[in-house]
Amino acid sequence: MGENNYLMKAINISKFFRYVEVLKNVNFEVGFNEIVGLVGDNGAGKSTLIKILTGVHNADSGELYWKGEKIANHSVPQARDMGIVTVFQDKALVEQHPIWRNIFMGKEITDTIGFINIKKEKEETEKLMKEIMGFTSSTITPDTTLGNMSGGEKQGVAISRALYFDADLIILDEPTTGLSLSETKKVLSFVERIKNTGKACIFITHNLFHVYAVADRIVVMDRGKIVGNFFMGQISLEELEKKMLEITGTGDAEHFGVYSGRKINPGGLNGTR
Amino acid sequence: MKLRIEFFNKYKISIGVTSVFLILMSIFIIANPSVFLNYRAYMAVFTTLGASIILAATMVFVVASGELDLSFPSVIGFSAWIFAVIVKSGVSPFIAFLVALFLGSIVGFLNGILVTKVQLSSLVSTLGMNFLIRGLIMILTDGIAIPLPFLRDTLFHTIFAGRIGQLPIQMLWSIGYAVICWLIFNRHRFGGHVCYIGDNVTSAREMGVRVERVKIATFVLMGFSSAFAGVMLTLINNSFWPTTGEGYLLLILAAVFLGGTPTWGGIGTIFGAIIGAFILGFIETGIVASGLTGFYKQFFYGLILILALISHRYAGLKRK
Ligand SMILES: Nc1ncnc2c1ncn2[C@@H]1O[C@H](COP(=O)(O)OP(=O)(O)O)[C@@H](O)[C@H]1O
Ligand SMILES: [Mg+2]
C-alpha cells in the first residue's frame with residue numbers, strides 16, 4: 001500500500017523528551033473520510049503523537065505524508081493551511097481575551113500588511129456562536145472574556161473554532177473531558193457530522209463507549225507504541241473491552257468509562273449497544 | 001445607560017489613569033500656580049517626555065508578552081555613545097543615527113536570543129546586560145563626556161530637536177511613534193500574538209503563533225526605541241554623557257505599570273503607558289517646583305510603582 005491511499009500517514013515516528021522516549025517507531029494513518037479512535041492510558045503518548053501531526057512538536061525521526069506527499073519542515077501554521085484543525089486537550093485558549101480573539105488566534109483575518117479586520121472577525125464570531133455553539137443568551141457576546149465563562153462554554157469555543165475553519169482532518173484530543181452528558185452528546189454528534197460531510201477525524205478519548213459509537217477504526221497506544229488496531233465491523237464492544245484488558249495488562253478501568261472507581265453511566269450514550 | 005456602563009468597563013483603565021493625571025495636575029496648579037500656569041513648565045517637561053513616551057509605549061509590548069527588559073537604560077547610553085563617536089568623526093548625523101538604531105536593535109536581538117534560544121529569565125539576563133553594557137561604556141569612554149556643540153545648527157537637530165512655535169518637536173516624533181505602537185498593539189496581528197504569548201504560551205504555540213520569533217521581535221523593538229531615545233536625549237544638550245539613560249529604569253517601568261499594564265502579561269495598554277509617562281514627567285517637575293531635592297524623585301517613583309501594582313489587584317484586572 002502506498003502513501004497515496006491515506007489522507008495522512010506517519011511512518012516510524014520517534015520522539016524524546018530529554019532522555020525519555022515518549023514515542024517509539026510509531027506508524028499511524030488516517031484514511032480519507034475515516035474516523036479513527038485513539039485510545040490508551042494517561043501518558044501513553046496520544047497527545048504527543050497528534051502534536052507531531054499538527055506541527056506543535058517536531059519528531060526526532062520519522063516521516064509525515066499528507067495526501068501522498070511528504071511534509072517537509074512541519075509547523076502549526078502549515079498544518080492549519082493544509083487543512084488540519086485541532087481541539088487540543090488543554091483547549092488552547094487565552095483567558096484574558098474575548099471570544100472573537102480566541103476564534104481567530106493564529107489565523108487572523110487581515111489586510112495585506114497584517115492589520116486585523118476586527119469588524120469582520122466579530123461578525124463571523126457572532127454567526128458562529130449562533131449557528132454552531134448555540135449560544136443564544138445575550139450575556140455571552142463575541143466580546144465576552146474567556147476567563148468569565150464556564151468550562152463547558154470554553155470547550156464550546158474551542159470546538160466551534162475547529163468547525164469554523166474548513167478542514168479535511170479534524171483532531172479532537174479528549175474533547176469530552178469535563179463536559180456534562182448533554183454537552184458530550186453534542187460533541188459526539190459533531191463527530192458523526194464530520195463523517196457525513198466526508199471529512200476525516202482523529203478522536204482521542206478515555207471512554208471506549210464514546211469511541212465505539214462513532215469510530216470506523218480504533219487504534220490503541222501503550223507506553224509510546226501502537227499496540228492494537230481494530231476495525232469496527234469486525235469486533236464487538238465486549239470483545240474490544242477484553243482485548244484492551246489484555247493489551248494494557250493493567251486492567252485499568254479508565255478505558256471502560258470508569259474514573260477513579262466511580263462508574264460513569266454509559267447508558268446515556270449508546271450504552272445499550 | 002447600559003451602553004454607558006459598557007463604555008466605562010471597556011475603558012476603565014484609561015479613564016482611571018487619565019483621572020489620576022487630571023487630579024494630579026489640578027493639585028499642582030493649585031499648589032504652585034506661578035509654575036504650573038506658565039507654559040514654560042510644560043515645554044520643559046515636553047523636552048524630555050518624548051524619550052519617555054517612546055520607551056514606555058515599546059515596553060508595553062515586552063511586558064504584555066510576559067517578559068521584562070531592564071537593559072534599555074544602558075542601550076540608551078550605548079546608542080548615544082555610538083552616535084556621538086560617529087558624529088564627532090565628521091560623518092553625517094543622519095548616518096550616525098541609522099547606525100545607532102541598528103546597533104540598538106542588535107542588542108535587543110541578543111536579549112531576545114538569550115531569552116528564547118538559551119531560555120534565560122528575561123528579568124535577570126537583561127539586568128545583567130544592563131550592567132555589562134554600562135560597564136563597557138564606562139571602560140571605553142573612561143567616564144568622560146563627549147561635547148557635540150556643532151550639532152546645534154544642523155538640519156538634523158532641527159528635525160529631531162527643534163521647536164514648532166514653542167512645542168519641542170520631540171513630542172511630535174514620540175506621539176507619532178506611540179500612535180503607530182497603539183495601532184500595532186491593538187489592530188495588528190503582531191500585537192495580538194504578543195498578548196497571546198503572555199496570556200498562555202502553550203495555547204499560542206498550539207494555534208500557530210511563532211512564539212520565539214515574536215518574542216525576539218519585541219526585544220528588537222525595545223532596543224530600537226532605546227536607540228531612538230538615546231539620540232533624542234543627546235540632542236537636548238548636544239552632548240553625550242556616559243550616564244545617559246540611567247535615570248530611566250524606574251521611570252519607564254512606573255509609567256507602564258501605573259498606566260494599567262499588569263505585570264503578569266497577556267494584556268496591556270499603550271494609551272495608559274503614555275498617560276503614565278505624562279504623570280511621572282509632571283511629578284518630576286512638581287518635585288523640583290516645590291523645592292524638594294532629587295532624592296524625593298526616586299522615593300516617589302518607587303512609591304508610585306508599588307501603588308500601581310497594588311491597584312491592579314483591585315481594578316478588576318484578573319490574573320489568569
Ligand atoms: N512537553 C513535554 N515535556 C516533557 N515531557 C512531556 C511533554 N509532553 C508530554 N510529556 C510526557 O510524555 C508522555 C506522553 O504524554 P502524552 O502524549 O500527553 O500522553 P497522553 O496524551 O496519551 O496522556 C508522558 O509521560 C508525559 O509526561
Ligand atoms: Mg493527552
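User: Why are α9(B) and α14(B) called roughly antiparallel to each other?

Analyst: In this predicted model, the axes of helix α9 (residues 169-187) and helix α14 (residues 270-289) of chain B cross at roughly 150° and come within 9 Å. Axes are lines fitted to C-alpha atoms, for helices over the stretch in contact, with angles from 0 to 180 degrees between N-to-C directions. Angles over 145 degrees count as roughly antiparallel, and the pair is therefore roughly antiparallel. Residues are numbered from 1 along each chain as its sequence is written, and side-chain values use heavy atoms, without hydrogens and water.

User: Which residues make the contact between α9(B) and α14(B)?

Analyst: With contact meaning heavy atoms within 4.5 Å, α9(B) contributes B:Met171, B:Ala178, B:Cys181, B:Trp182 and B:Phe185, and α14(B) contributes B:Ile270, B:Phe271, B:Ile274 and B:Phe278. By class, the contact has nine nonpolar, no polar and no charged residues.

User: What makes B:Pro73 count as buried?

Analyst: Buried means under 20% relative accessible area (1.4 Å probe, protein chains only); B:Pro73 has 3% relative accessibility and therefore counts as buried. B:Pro73 lies in helix α5 (residues 72-88) of chain B.

Methods: Chains lettered and ligands numbered in written order. Predicted model: local features only at pLDDT ≥ 70, side-chain atom pairs only at ≥ 80, totals over all residues. Helix = DSSP H or I, 4+ residues; strand = E, 2+ residues; numbered from the N terminus. Parallel < 35°, antiparallel > 145°, perpendicular 65-115°, else oblique. Nonpolar A, V, L, I, M, F, W, Y, C, P; charged D, E, K, R; others polar. Buried < 20%, exposed > 50% of the residue type's maximum accessible area, 1.4 Å probe, protein only.
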